[in-house]
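Hi everyone, thanks for coming. I'd like to walk you through two spots in this structure, so let's bring it up.

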Amino acid sequence: MTGNQQKIFLQKTEIREIQENKLKELCSYLKSSSPYYQKIFLEKGIDIEEISSLEDLVKLPTTSKEDLQLYNDDFLCVPGSSVIEYTSTSGTLGAPVTIALTEKDLQRLAYNEFQSFSCAGGHSEDIYQLMLTLDRQFMAGMAYYSGIRKLGAGIIRVGPGVPSLQLETIFRLKPTVIVAVPSFILKIIQYAHDHHIRLSETSVKKAVCIGENIRQVDFSLNVLGRKITEAWDLQLFSTYASTEMQTAFTECEAGRGGHLQPELVILELLNEKDQAVHPGEAGEVTITTLGVEGMPLLRYKTGDLCIAIDETCTCGRHTIRLSPVIGRKKQMIKFKGTTLFAPALFDLLSGMEDIQDFVAEVFANEIGTDEVLLHILPFKQSEESDHRIRSYLQAKLRVSPHIRYCTMEEIQHLQFPNSNRKPVKFIDKRGLSG
């Protein structure tokens with residue numbers, strides 16, 4: 001990157017000014033237009049005129065996922081006639097939530113992904129192959145499509161699944177970038193290996209990875225990321241986003257955290273008492289949306305635990321960066337004296353050559369403590385394989401989870417209940433009556 005290009009990046013003082021101005025605009029808008037926040041401001045005796053700086057955020061209450069589920073309709077700030085698109089969350093951690101978007105919101109979404117793909121080194125000469133759904137109320141698929149259009153690049157909408165079709169399309173239309181869930185990229189790699197297809201001969205140079213971690217907290221590739229790059233010479237870009245925030249944190253080519261888009265969202269990392277964590281500490285990602293018209297959110301707690309990096313990136317940007325998701329608050333497991341987060345468990349399972357696929361299930365035993373049951377699809381079921389899997393997990397976890405071996409059909413049924421659009425890898429049965 002040239003010095004001239006670096007000069008166009010916002011300085012920290014400019015970032016703060018933008019965010020504080022937009023925060024004041026948001027508070028005024030919520031007071032005049034949001035049934036939910038009008039009620040909250042009244043109940044809490046909040047005077048929005050007192051909110052003028054980022055430090056004043058602590059004077060405002062947080063919004064939980066449960067609030068959004070219970071009072072979904074009350075978050076809408078516009079009449080129904082102004083809603084252009086209805087999207088919904090996947091319902092990974094509870095009931096799905098509807099997020100309504102206006103025309104302005106759709107334009108904001110396109111701008112968000114234009115910025116994201118640009119941050120990841122994208123340009124108009126690229127051709128993107130989208131290996132994900134663009135239907136079923138999935139905001140991200142629509143966002144990627146509109147952002148790539150704004151970038152002026154080519155788009156190939158193949159949809160999810162079917163490795164054979166993905167590879168046939170790659171060789172026929174020669175995309176330069178794929179957008180996909182990392183574990184699905186592994187399935188393409190496996191298919192290519194089984195059918196003696198040389199991935200080195202493809203046109204694809206980059207992969208924008210969605211929905212799953214490809215890095216560890218120190219930004220080195222995790223097992224999933226290493227498996228991909230060892231088999232396919234791709235530059236991987238990690239992303240972090242959610243339907244509720246209508247914004248993405250995307251890595252630049254330095255690959256050291258997803259960059260904040262300061263004109264679109266304010267980021268806080270909070271502890272259990274809703275206080276900002278110290279630099280370098282993990283906290284719950286809490287976002288305040290900026291410029292959203294339909295369903296803006298104030299201090300929305302996502303449930304995801306990350307670390308923030310607040311130092312200038314080697315790419316020249318001065319924006320805060322987010323680490324990979326360390327875990328989700330609701331997916332923390334206290335297992336036989338060991339604290340374990342789902343992403344760490346997934347990384348262990350992905351690193352085992354005997355394991356083809358898996359689902360982790362957590363339930364409470366008769367004394368109320370956590371138990372872990374792993375539903376595992378092995379490449380080959382045998383006593384030797386079982387011994388290797390159990391020994392590996394015992395060595396890595398220091399404890400032994402329950403194991404159930406499954407068929408491909410059983411794993412598919414567990415991962416896609418009720419025709420879910422995203423594979424379920426974690427089933428939490430704690431709190432459910434037997």
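Let's start with a side-chain pair: His-375 and Arg-404 are joined by a polar contact of 2.9 Å. By polar contact I mean a pair of N or O atoms within 3.5 Å; within protein, one must be able to donate a hydrogen and the other to accept it, and residues adjacent in sequence count only if both atoms are side-chain atoms.

A word on the source: this is a predicted model, where local features need pLDDT of at least 70, side-chain atom pairs count only at pLDDT 80 or more, and totals for chains, interfaces and linings use all residues. Residues are numbered from 1 along each chain as its sequence is written, and side-chain values use heavy atoms, with hydrogens and water left out.

Back to His-375: its side chain also makes a polar contact of 2.8 Å with the side chain of Glu-361. You'll find His-375 in strand β19, residues 370-378; helices (H or I, at least four residues) and strands (E, at least two) are DSSP runs, numbered from the N terminus. Is His-375 buried or exposed? Buried, at 5% relative accessible area, where buried means under 20%, exposed over 50% and partly exposed in between, with a 1.4 Å probe and protein chains only.

Now please turn to helix α3, residues 35-44, whose buried residues are Tyr-36, Tyr-37, Ile-40 and Phe-41. Down the axis of α3 these fall within an arc of 125 degrees, so they line one face of the helix; the arc is that of the directions from the helix axis to the C-beta atoms. On the other side of α3, Leu-42 and Glu-43 are exposed.
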